[in-house]
Amino acid sequence: MLATQLDCIAWLVVDIIKLLAIIVLNIITVTVFVKQRQLQRRSTYLVIHLAIIDLLVGAVSSPVIFSHLFEHYCGLWKVDIKIFPALVEFFPTASIVNLAFISLERLHATFFPFKHRETKKSVYVVVIATIWLLTSLREILQYVLDQKDGNSNPTRSFTVLSLVIYTLASLFVVCLSYIAIFIKVRFSPIAQHHGANNRERRLTVTLLMVTLASLLTWLPAIIFKLVRVWDNSAIPSRSLFFIDKTLAFLVGVNSMVNPIVYAVRMPEFRASFRKIFCKAPSHTPQANFPLRNP
């Protein structure tokens, strides 16, 4: 036990609030996108999928993370989950990979707008399946190594390095895609004032903000994991609890920042939200009929 009881209780309250916020915000996001036809465009298929992944991060991965940390540092309860690594990293990794594919989808929409409008739904099904396949391959390989070597340092090093590779590869794809989009939009000789084009460009900027916010919340955790693999003794054991909890909180923020960005950047999202969740009672004027016939 490396943390005081007061510290553990305080962080427990913070984690419960965070989990509820992640779940509620992403349920709202999925509901708004699915129920409103004006938001059911090809451009939002991967956005809806990202919200579902973030919902799973809050409902599955985050509870396992804070349960493990509290058991390890506070001794509040005993966690015995043999697939703990997969539960912790599967959905967050899928979220990162999804962000990379969103940037590629925005790249295709910018450079080939007409072909993008004719893209079949089956293509998005293949993309979503690819996201889960790439994520599953990493988790399967990690599980095999865990079964073979237990919790040895080489296995933990592979776990961290594989996560770093996925994050850096996604970051590279995202940066390259949005740089190309910026160059295309900035130096395009053709002015695009069509309503559909303006809507796509606004969505591109919104998703860029979502992607940058998500990756920035991940980078501190990635850097810290690399430091621990390189020299774990460099960090005082008393500080590990606060560092681990803070980084886990930032990763959780990644899954609840997207609905906030959508609400700020997308007027149709706000309008749909009000239509679904803020229905005002109808005040239909009633005619004054006589109580009895004359």
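## How α9 meets α10

In this predicted model, helices α9 and α10 are roughly perpendicular to each other, because their axes cross at roughly 100° and angles of 65 to 115 degrees count as roughly perpendicular. Helix α9 covers residues 257-265, helix α10 covers residues 267-277, and the two axes come within 5 Å.

Which residues make the contact between α9 and α10? On the α9 side they are Pro259, Tyr262, Ala263, Val264 and Arg265, while α10 brings in Pro267, Phe269 and Arg270. Sorted by class, this contact has 6 nonpolar residues, 2 charged residues and no polar ones.

## Transmembrane spans on record

An unreviewed UniProt entry lists several stretches as "transmembrane region", among them residues 203-227 and 247-264. Here is how those two look in the model. Residues 203-227 are 100% helix and 0% strand, with the end C-alpha atoms 37 Å apart. For residues 247-264, the span is 89% helix and 0% strand, and its end C-alpha atoms lie 25 Å apart.

Now for the confidence scores. The protein chain has an average pLDDT of 77, and 75% of the residues score at least 70. Which element has the highest mean pLDDT, and which the lowest? Helix α9 has the highest mean, at 87, whereas helix α6, residues 153-186, has the lowest, at 77.

One stretch scores below 50: over residues 280-294 the pLDDT falls under that value. Beyond near neighbours in sequence, residues 280-294 have 0 contacts in the model.

Conventions:
Residues numbered from 1 in each chain as written. Predicted model: local features only at pLDDT ≥ 70, side-chain atom pairs only at ≥ 80, totals over all residues. Heavy atoms only, no water. Axes fitted to C-alpha atoms, helices over the stretch in contact; angles between N-to-C directions. Helix = DSSP H or I, 4+ residues; strand = E, 2+ residues; numbered from the N terminus. Parallel < 35°, antiparallel > 145°, perpendicular 65-115°, else oblique. Contact = heavy atoms within 4.5 Å. Nonpolar A, V, L, I, M, F, W, Y, C, P; charged D, E, K, R; others polar. pLDDT = per-residue confidence, 0-100. UniProt positions renumbered as here; feature names shortened; annotations may be inferred.
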